[in-house]
Amino acid sequence: LERTPCVVSFSGGRDSSAVLAVATHVARREGLPLPIPFTFRFPGKPLTEESGWQEHVIAHLGLEEWQRVELHDELDLLGDVARRCLTEFGLMWPANAYLHVPVFGAAAGGTVLTGLDGDGLFGDWRFGHAQGVLHRRIAPTPRDVFRVGFALAPVPVRRAAYRRRGVFVPSWLSLAAGAEYADAVLDRASSEPRQWDQRVAWHAGSRALYLVQRNFEMIGARDGVEVGNPLLEPEFLAALAHEGGPAGFGDRTQAMRHLVGDLLPAETIERVSKAAFGDAVWLDQARAFIESWDGRGLDPELVDPERLRAAWRPEYPVFHSWTLLHAAWLASQGHTPSGEQAAPGNVQEK
């Protein structure tokens, strides 16, 4: 807040609303300039529509300044913004990291706060119910015998159970790559700690979260922006783990109510819907590249080009495939995944 302007990437979802609410509260308490919410609007894209939720939060917080930017095809997965980032920084995770370029531009020389990664931190804890039963916060039912038993089971038993349930393996992967992918997913899922305080550190230490934070920092640095991800700050995570203890706070709604229930409308705290932005980025330039792509540039021992092309063609391609679209485009331009220019004829090897 002291490094102005302080812009909050605000979609109206629970995580960005929580960050905006706390930032507003602290600014008023400390006599600092209020944070500025920044919101994208995509006319004609119903899955992105959250204006009602957004307006409800802004009115509740009493904020007068609110930047709303109407976009059409500017954030195409292979539009000008995405291509500039790919050329400068190379392949990034997640593939849509470039979406924050307009936000960083609005905060030039200041700060951007994001709501990363409340979904994973609060929403994906598999053992919340079981821990609630074990710590006598939830009255047990007969079905909880299985839930608690699974939570207490050793890692090999959990892994075998997850394998029996089945693992999503992208159709475009070769048999060997698919098997390796499935093993990695099973290893990750079965290693999740049962206790909340241990699970917080386990989640926050993932490579995926490290990469998205690093990439935000790199992109933001072009505009002299300092990027903050309050929900992943070490001090916050340590306090969250300590206060929640082994049993945690319950489900995501209970956790949000505990943290910001005094700052946000109850409807926002309790909402379960969430916007999706696939139809705002899979636009003409991305679609045109799919059809013109010659299938080269990706490792044939890992990826089947035609199956990948088929995975890109639906209206809402699975998120797992987005990064490969960028990898294929970089290769088609003679760049390595790092963004460096490859020697002629060596793109495949690079």
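The following exercises, with worked solutions, concern a predicted model.

**Exercise 1. The second largest pocket**

Determine how much space lies in the second largest pocket, which residues are closest to its centre, and how its lining divides by class.

Solution. 
- Step 1. The space in the second largest pocket comes to about 580 Å³.
- Step 2. Its lining comprises 21 residues, and those closest to the centre are Val19, Val22, Pro230, Leu231 and Glu233.
- Step 3. Two or more lining residues come from each of helix H1 (14–30), strand E4 (111–113), strand E5 (226–228), helix H12 (234–244) and helix H13 (252–260). H1 supplies the largest share, with five residues.
- Step 4. Sorted by class, the lining has 16 nonpolar, two polar and three charged residues.

**Exercise 2. The cavity**

State how many cavities of 30 Å³ or more the structure holds, and identify the residues that line the largest cavity.

Solution. 
- Step 1. One cavity reaches 30 Å³ or more. The space in the largest cavity is about 30 Å³.
- Step 2. Phe122, Trp196, Phe249, Gly250, Asp251 and Ala255 form its lining.
- Step 3. By class, this lining has four nonpolar residues, one polar and one charged.

**Exercise 3. Helix H11**

Compare the span of helix H11 with the expected value, then list its buried residues and what covers them.

Solution. 
- Step 1. Helix H11 runs over residues 207–221, a total of 15 residues. From first C-alpha to last, H11 reaches 21 Å, close to the 21 Å expected at 1.5 Å a residue.
- Step 2. Leu209, Leu211, Val212, Gln213, Asn215, Phe216, Ile219 and Gly220 are the buried residues of H11.
- Step 3. The cover over these buried residues includes helix H3 (80–89), helix H4 (101–106), helix H10 (196–204) and E5.

**Exercise 4. Cysteines**

Solution. 
- Step 1. A disulfide is a covalent bond between the sulfur atoms of two cysteines.
- Step 2. Buried means under 20% relative accessible area.

**Exercise 5. Val169**

Locate Val169, classify its accessibility, and name its contacts beyond four places in sequence.

Solution. 
- Step 1. Val169 lies in the loop between helix H8 (155–165) and helix H9 (175–190).
- Step 2. Its relative accessibility is 31%, so Val169 counts as partly exposed.
- Step 3. Apart from neighbours within four places in sequence, Val169 is in contact with Gly178, Tyr181 and Ala182.
- Step 4. Val169 and Leu283 are 114 residues apart along the chain, and their C-alpha atoms are separated by 25 Å.

Methods
Residues numbered from 1 in each chain as written. Predicted model: local features only at pLDDT ≥ 70, side-chain atom pairs only at ≥ 80, totals over all residues. Heavy atoms only, no water. 1 Å grid on protein atoms, 1.4 Å probe; cavity = no way out; pocket = protein on both sides within 12 Å on 5 of 7 lines; lining within 4 Å. Points joined across faces, edges and corners; volume = space filled by probe spheres on them. Nonpolar A, V, L, I, M, F, W, Y, C, P; charged D, E, K, R; others polar. Expected span 1.5 Å × (residues − 1). Buried < 20%, exposed > 50% of the residue type's maximum accessible area, 1.4 Å probe, protein only. Contact = heavy atoms within 4.5 Å.
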